[in-house]
Amino acid sequence: MLVKHLRKEFYELLFGKRVLIIANSDIDSVCTVKIFTELLKIDGISFSLCPVDGITDMKQAYSDYCETVNVFVLINCGISLDIRDFFDNLNNKLVFVLDCHRPVHVNNFYDETNQIRILSLDGNFDEVPNFDDLFWSGEALDSDDDGNDDDSDILDNGESDDEDGSRGRNPKRRRNEHDKERRQMIWKQKRNELLFKYTQFGYYAPPSSLVALELSWAISRGDIQYVWWTTVALTDAFLLEKLPRSEYVQKSTELSLHIAREASSTETPRDCLKVNFEKDLCFLLYRHWNLYDSIKMTPHSACMLKSWGMKGEGRFHEMLGELGLPQLECHQKYTSMDVRLRKKVKNVFNEPVLREKYNFQDVTVGTFISEIGFRPALSAFDCQLACLSLLENPVLYGSGNVVDNFLDSLAALSKKKFDTLDRGIGLAKTQMTAMYNQVKEFLSMNLILPRGGFLYVQMPEGSPNVCYFRNTSSLLFLAQFTQRAAVASARNRRWSTLPLVLCVPHFGGYWTFVGIKPLSLELPKNLFGKLFETLAKKMATGAVLMDFVDPHFVLVHGEHKDKFVQLLEACMV
């Protein structure tokens, strides 16, 4: 069931109830939980929060609370599963699903008990097949082809008894039953084709935090902080290519109008949060780092300069000299640079020589900048990377402490937890450096290889950087950087049309596989979810685990890894 009125059909039903929030471990979930829990606190609604890191954790969370909680809110998990079949004993329970993953499971969309309710601002669900094409209606198919369903005369006048005394069936009845079986077989075949076409590709809807923000306005609880948290989630979707650039621009424009409305309606003191939408350099973390390392390690600029090689590094130094940026200034912290030089940095990178001589394109992007008091300005890109690094914190993650990482990421969004945010920015710089070094290792050791219809790269076992890439968002970021670097370095132009599969060591003898779309494909649709599911059925029990919320991630045991790659290659040729 699709919820059409967020306040009446969702929020008002939570009063007087205890709510369990089950949230996936990603940035959009962190931002959505931050907005939603603030609303619940204001209205005194009792809730519990349970971050999860996979489907198994999600089911365990439900089992732990199902006897004491009757209202469940699933954030960015569950919409692609048959929730009624997945969760045991849903009697007298309400399950609200706020999930940006697509496609929606048809049993959730057409749930007739109204216990499973989908929260979404995207009312366009035209891709969902029609109800009559998915669910067998016996009443409509019991009748004859000519519309005559009067079968009261079931015996012919001349029909005789069988040897055992029973009467033979009317030939007309037998013919009708045969026609019904034939129609049912044709219907099942069409249903399977429809479902395969519908579930063939995985993709993402706009971030769930947009729904939470809309809810805050619907109950008259709007706040500039909620808009800022939503911009961080939108930036995450753009940075990880979950949304096309055109949709990011559209949603950014809508949020910028809300920011302008909030700014004009109230006078903000100096120590309050101020958010602006403006053109900014696309170099990640440069305000909190130094300009040299930021340009060198940002995936976009690194792939244009090919800064991982000696030739590329030479071009990089030549470019800085031609732009009038001394290396001594670029190597020190950005806030310590010469003030006159720092003020003209943005204009310098718009010089025509960058595009003409160095093919340095799209160095500016529209983004959101926040300011609080006299603290350095913080872009939505920087905040997203800080929160992601806290989610990925290798010190805590080694013990499997997903909850502490999630709570740290939540704290980094608070305007009072500056120490947590600063720690996250420090971890983000470390993680960016590890990602750049790992991509450089892939290229220098020639680990990126074409395998039939895709590019395949495997991180060496025992790599010191593996601890920075456990979270699915970090792995996706690494895979996309690797793909861009491989296409930029390769002489074969066909590589831009090939998808990429990245294999990374995991715990317990398993390896994590992630598949991403070709670089030349603009629409962010991924075929690996359905493909991994098909291959898992061909492997031995326990060899492949589909435990991730994102279907294009899968765990494969080390003993069966080579066979899995061979099957994948056979399917992709």
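This is a tour of the side-chain contacts in a predicted model, one selection at a time.

Residues are numbered from 1 along each chain as its sequence is written. Local features here need pLDDT of at least 70, side-chain atom pairs count only at pLDDT 80 or more, totals for chains, interfaces and linings use all residues, and side-chain values use heavy atoms, with hydrogens and water left out.

**Stop 1: the nonpolar cores**

Select F10, Y11, L14, W228, M319, F349 and L502. They have the most contacts inside the largest nonpolar core, which has 133 residues. A nonpolar core is a set of buried Ala, Val, Leu, Ile, Met, Phe, Trp, Tyr and Cys residues joined through side-chain atoms within 4.5 Å. Buried means under 20% relative accessible area, exposed means over 50%, and partly exposed is in between (1.4 Å probe, protein chains only).

Next, colour residues 224–239, which form helix 10; this helix gives the most to the core, with eleven residues. Helices (H or I, at least four residues) and strands (E, at least two) are DSSP runs, numbered from the N terminus.

Now centre on F10. What does F10 touch, not counting residues up to four places away in sequence? The list is V3, H5, F36, V73, F96, L119 and L215. Contact means heavy atoms within 4.5 Å. A second, separate core has 31 residues, including A61, V69, V95 and I116.

**Stop 2: Q483**

Go to helix 23 (residues 472–489) and pick Q483. Is Q483 buried or exposed? Its relative accessible area is 3%, so Q483 is buried. Leaving out residues up to four places away in sequence, Q483 touches L498, P499, L500, I516, K517, P518 and L519.

**Stop 3: salt bridges**

The model has 16 salt bridges. A salt bridge is a side-chain nitrogen of Lys or Arg within 4 Å of a carboxyl oxygen of Asp or Glu.

Begin with E12 and R7, whose closest N and O atoms are 2.8 Å apart. E12 is partly exposed at 37% relative accessible area, and R7 is partly exposed at 26%.

Then show R287 and D280, which meet in a salt bridge at 3.0 Å, N to O. Both R287 and D280 are buried.

The next pair is D408 and R423, with the closest N and O atoms 3.3 Å apart. D408 is in helix 21 (residues 402–413) and R423 in helix 22 (residues 418–444), 15 residues apart. D408 is buried, at 18%, whereas R423 is partly exposed, at 37%.

**Stop 4: aromatic rings**

There are 24 aromatic pairs. Rings of Phe, Tyr and Trp (its six-membered ring) pair if their centres lie within 6.5 Å; planes under 30 degrees apart count as stacked, over 60 as edge-to-face and the rest as tilted.

Select F86 and F87. Their ring centres are 5.2 Å apart and the planes are at 50°, so the pair is tilted. Move to Y286 and Y334, an edge-to-face pair at 5.1 Å centre to centre and 90° between the planes. Y286 is buried at 2% relative accessibility, and Y334 is buried at 12%.

Also show F109, Y110, F125, F131 and F135, which ring pairs link into a cluster.

Finish with R375, which lies over the face of F418, at 4.2 Å from the ring centre. A charge sits over a ring if NZ of Lys or CZ of Arg is within 6 Å of the ring centre and within 35 degrees of the ring normal.
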